[in-house]
Amino acid sequence: MDSLQEIWEAVLALMGQDMSSTAVQTWFGDARPVEFENGRLVLHTPSEFKKNLVMEKYSDLLARGFEQMSLRLKDALERNSGKERRWG
C-alpha cells in the first residue's frame, strides 16, 4: 500500500466490519483523506455537520481502523525484511 487513498480505502473496509455498508457510504463516502502524519489524520468532509458527526461518533472507530492497518503494514514489512531483493 503506497498511497494515503489506498490506506483510507482499507480502513473503510475494516470499518465495514463494525458498521453497515450504508453507514460507511453515508458518513464516509464523500470524505477524503488529506494528510496522515504523526498519528493525526486530516480528513476533508463536505460540511461542518458531517465533520462534527464523524468526530463525535466515529473517531474511535477510525482510530482503531488506522491502528489495525498500521499493525498489518508493520507485520508485512517485518515478514519481508529478511527476504532478498533483486532488481533488474
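Buried means a relative accessible area under 20%, exposed means over 50%, and partly exposed lies in between, with a 1.4 Å probe and protein chains only. The model described here is predicted, so that local features need pLDDT of at least 70 and side-chain atom pairs count only at pLDDT 80 or more, while totals for chains, interfaces and linings use all residues. Residues are numbered from 1 along each chain as its sequence is written, and side-chain values use heavy atoms, with hydrogens and water left out.

Helices (H or I, at least four residues) and strands (E, at least two) are DSSP runs numbered from the N terminus, and two strands pair if DSSP finds at least two bridges between them. Strand 1 (residues 32-37) pairs with strand 2 (residues 40-44) in the antiparallel sense over 5 bridges, and Phe 36 stands opposite Leu 41 in strand 2. The hairpin of these strands has 2 residues between them, and Asn 38 takes a positive phi near 55° there.

The structure holds 2 salt bridges, a salt bridge being a side-chain nitrogen of Lys or Arg within 4 Å of a carboxyl oxygen of Asp or Glu.

| Salt bridge | N to O distance |
|---|---|
| Asp 30 and Lys 50 | 3.0 Å |
| Lys 51 and Glu 48 | 3.1 Å |

Asp 30 forms a salt bridge with Lys 50, and this pair links distant parts of the chain, 20 residues apart, with Asp 30 in the loop between helix 2 (21-28) and strand 1 and Lys 50 in helix 3 (residues 48-80). Lys 50 counts as buried because its relative accessibility is 12%, whereas Asp 30, at 33%, counts as partly exposed. Lys 51 and Glu 48 both lie in helix 3, 3 residues or about one turn apart, and Lys 51 is partly exposed at 31%.
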